[in-house]
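Hi,

Here is the model I promised to send over.

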Amino acid sequence: MKLYEFTQAPNPRRVRIFLAEKGINVPTEQVNLASADNRKPEFVKRNPMGTLPVLELDDGTNLAESVAICRYFEELQPEPNLLGRDAKERAVIEMWQRRMELEVLMMTAGSFRNTSDFFKGRIPQVKEYGEICKNAAIKRLEWLNTELANREFIAGNRYTIADITGLVGIDFGRTTQIRIQPEQTNLQRWYNAVSSRPSAKA
Amino acid sequence: MKIYDATLAPNPRRLRIFVAEKGLNIPNEQVDIFAGKNRTPEFLKKNPAGGLPVLELDDGTCIAESVAIARYLEALNPEPNLFGRNPREQADIEMWSRRMELSLFGPIGRAFQNTNPMFATRIKQFQDYGAAQLETAKRQLEWLDGQLASKEFIAGSRYTMADIHALTAIIFGQQTLDLRLDPALKNLTRWHQSVSGRPSAKA
């Protein structure tokens, strides 16, 4: 098994944190996004969409999409549990995981993609749209702060994959100066808790 | 239990197709999204993000996010199976589902939001960006045609949730963006006829 990834990219980080929480050790290989190695034929054979991370399984086949990879590992090793233990818990955790993806990570990513120098020339950038993404992300952090007033973690009272997505999404916001505000005390409390876990350094 | 639904919207549609495939009969309440009834304080209590669909359980718990709801219903009603029967199958189906969401569903949704008059007062629209997103979706359909040369359905040899995401995206594109499937894309056309011909496609 091998995980193809890139240290600075957000989606690979989600899998790295997940694996660290599980205590699972998978060899990794860097694919250099800066030199667009993910768009070269050798990698595209592995993942036709050209994205990271990709998990190469022992039988030589490849599995892409960070959450699909996480789910696969959870099936192989259910504890510590990160996706939920029964149908209702799984649904609530998935709901929150998707909200973190759609409302936080996609917005901080949209801000980065459309305004950063890294993506200049790689994709058609729409700076104004990037600003809208940034403002949406900022509003979402306000909302998240309110939600975290009545519970410890994003999906409930224990740490789950939703916290991983939230952490990675918020950290990625730093690339375009999206920050937790001093008055967002619930969000800051949560952030301190999840970012001080050893897995956050993965 | 009850599903809060809106006939024309794509996310409720993917859940309706799923529910139809499962042969489930779940009471359904329409929420008038044109009149913004999904943004009232009353509805926001059910889903603070204001989106549809929402599944309200008998104990009052509300589950939002179409895929979370579908996966929950599959846990209660495992057959016919749509999310996968073992870890590898589940991972593969999820991978393809996400590919369909990211490459088709997302771009078509953004094309709609940025070009359709309905959203002119709801968001700041970028017509060029919307047009570019539609082109992205069309390129992805060409790519999908290639992928479907070697298999009958999107995630493999049987119909799964991945097919539902793609079909729903295409229906929404056809209804709102005049998206047309190029008949020269023979594998895509074959697949589309197959999934559209299932009774669930009319849900």
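A quick definition before the sheet: two strands pair if DSSP finds at least two bridges between them. Strands are DSSP runs of E with at least two residues, helices are runs of H or I with at least four, and both are numbered from the N terminus. This is a predicted model, where local features need pLDDT of at least 70, side-chain atom pairs count only at pLDDT 80 or more, and totals for chains, interfaces and linings use all residues. Residues are numbered from 1 along each chain as its sequence is written, with chains lettered from A and ligands numbered from 1 in the order in which they are written.

Chain B first. Its open sheet has 4 strands, ordered β2-β1-β3-β4, with mixed pairing. The edges are β2 (28-30) and β4 (62-64) of chain B; each has a single partner strand, so one side of each lacks a neighbour in the sheet. β3 (residues 54-56) of chain B pairs with β4(B) in the antiparallel sense over 3 bridges, and Glu56(B) has Cys62(B) as its bridge partner in β4(B).

Now chain A. The axes (lines fitted to C-alpha atoms over the stretch in contact, with angles from 0 to 180 degrees between N-to-C directions) of α1 (residues 10-22) and α3 (residues 66-76) come within 9 Å and cross at roughly 15°. α1(A) and α3(A) are therefore roughly parallel (under 35 degrees). Residues in contact (C-beta atoms, placed from the backbone, within 7 Å) include Phe18(A) of α1(A) and Phe73(A) of α3(A).

Cheers

Definitions and conventions:
Angles under 35 degrees count as roughly parallel, over 145 as roughly antiparallel, 65 to 115 as roughly perpendicular and the rest as oblique. Two residues are in contact if their C-beta atoms, placed from the backbone, lie within 7 Å.
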